[in-house]
Every structure is written in structure tokens, then in C-alpha cells.
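My notebook is open and the viewer is loaded. Here is what I looked up, entry by entry.

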Amino acid sequence: MTDIELADAIESVRDQLVEAATRATGKAVAFEVGDIEMEFTIELRKEVKGGTKVKAWVVEAGADASRTRGETHRVSFTLKPRNPTTNGPWFVGNEDAGDTSDFGAGQTR
């Protein structure tokens, strides 16, 4: 089993949104990113290395069946992406106005 920290799982979602925005550069259509609902089964572990702290680790799907009750917890939350510059909604795409004048151009039936 590969351990994945909850923070790393959330960071991965953030990185994928940035990657989607990068790929959308030059495209005529933009999408507003709405609320992102996330749900995980986590295991809380106390680590003693470098000082005691508790970390949440994402448990692989199906792995919790072999664990005893009480070791894993279900957490769900909603992330609302915001543009850090404008504090408005976050968009995947560019700011140029799009049109449909070339939609279907070159297609034959």
C-alpha cells in the first residue's frame, strides 16, 4: 500500500486544475470551476519523528474492509476555488470571447 497524505491528495486536485487551465490557453471556451466535493476514507496516525504530530493518510479503496472499526474515518468537504488575484470565481480557459462561426466547418455528411 502506498501512503498518500490528505494534503497531497488535495494538492493533486489543485495541480490538475492548473494543468487544465494551462492546456486551455488559446481555446475559445472557458469553464467556471464550481464547488469541488471531496470524500476520503482516512487513517489518523501519530508520528514521533521530528516531534509528535498527527497526520491524515488516505486509505486505498477497498483497503478499509481489512481494518478494524475505529482506525479509519470518513471525511468529506467542499472546496470552492477562487482566483487569488480577483477573489472571484476561477475559470479554466482564456479571456477571449468565443464564437461559433467555424463550428462544424469542413464537415461533410
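How many bridges join S1 to S4, and do they run parallel or antiparallel? I found two bridges between S1 and S4, and the strands run antiparallel. One note on the source before I go on: this is a predicted model, in which local features need pLDDT of at least 70 and side-chain atom pairs count only at pLDDT 80 or more, while totals for chains, interfaces and linings use all residues. Residues are numbered from 1 along each chain as its sequence is written, and side-chain values use heavy atoms, with hydrogens and water left out.

**Strands**

I took helices (H or I, at least four residues) and strands (E, at least two) as DSSP runs numbered from the N terminus. Two strands pair if DSSP finds at least two bridges between them.

Next I followed S3 (residues 36-47). Eight bridges tie S3 to S5 (residues 72-79), again antiparallel, and there Met38 stands opposite Phe77. S3 also pairs with S4 (residues 53-58) in the antiparallel sense, over six bridges. In that pairing I saw Glu47 opposite Lys53 and Lys46 opposite Val54. The S3-S4 hairpin has five residues between the strands, and Gly50 takes a positive phi near 65° there.

**Helix H1**

I checked the length of H1 (residues 6-23). Its 18 residues should span 26 Å at 1.5 Å a residue, and the end C-alpha atoms are 26 Å apart, which agrees. The expected span is 1.5 Å times one less than the number of residues.

Which residues of H1 are buried? I listed Leu6, Ala9 and Ala21, with buried meaning under 20% relative accessible area, exposed over 50%, and partly exposed in between (1.4 Å probe, protein chains only). These three cover an arc of only 130° around the axis, which puts them on the same side of H1; the arc is that of the directions from the helix axis to the C-beta atoms. Their cover includes S1 (4-5), S3, S4 and S6 (91-92).

I also stopped at Val13, which sits in H1 and is partly exposed, at 25% relative accessible area. Leaving aside neighbours within four places in sequence, Val13 is in contact (heavy atoms within 4.5 Å) with Ile36 and Met38.

**Aromatic pair and core**

How many aromatic pairs does a search of the whole structure find? I got one. Phe40 and Phe77 form a tilted pair, 6.3 Å centre to centre with 35° between the planes. The pair links distant parts of the chain, with Phe40 in S3 and Phe77 in S5, 37 residues apart. My cut-offs: rings of Phe, Tyr and Trp (its six-membered ring) pair if their centres lie within 6.5 Å, and planes under 30 degrees apart count as stacked, over 60 as edge-to-face and the rest as tilted.

Phe40 counts as buried at 15% relative accessibility, whereas Phe77 is partly exposed at 24%. Beyond four places in sequence, Phe40 touches residues including Leu6, Ala9, Val58 and Phe77.

Last, the largest nonpolar core, which has 13 residues. Such a core is a set of buried Ala, Val, Leu, Ile, Met, Phe, Trp, Tyr and Cys residues joined through side-chain atoms within 4.5 Å. Among the members touching the most others are Leu6, Phe40 and Trp90. H1, S3 and S4 each supply at least two residues, and S3 gives the most, with four.
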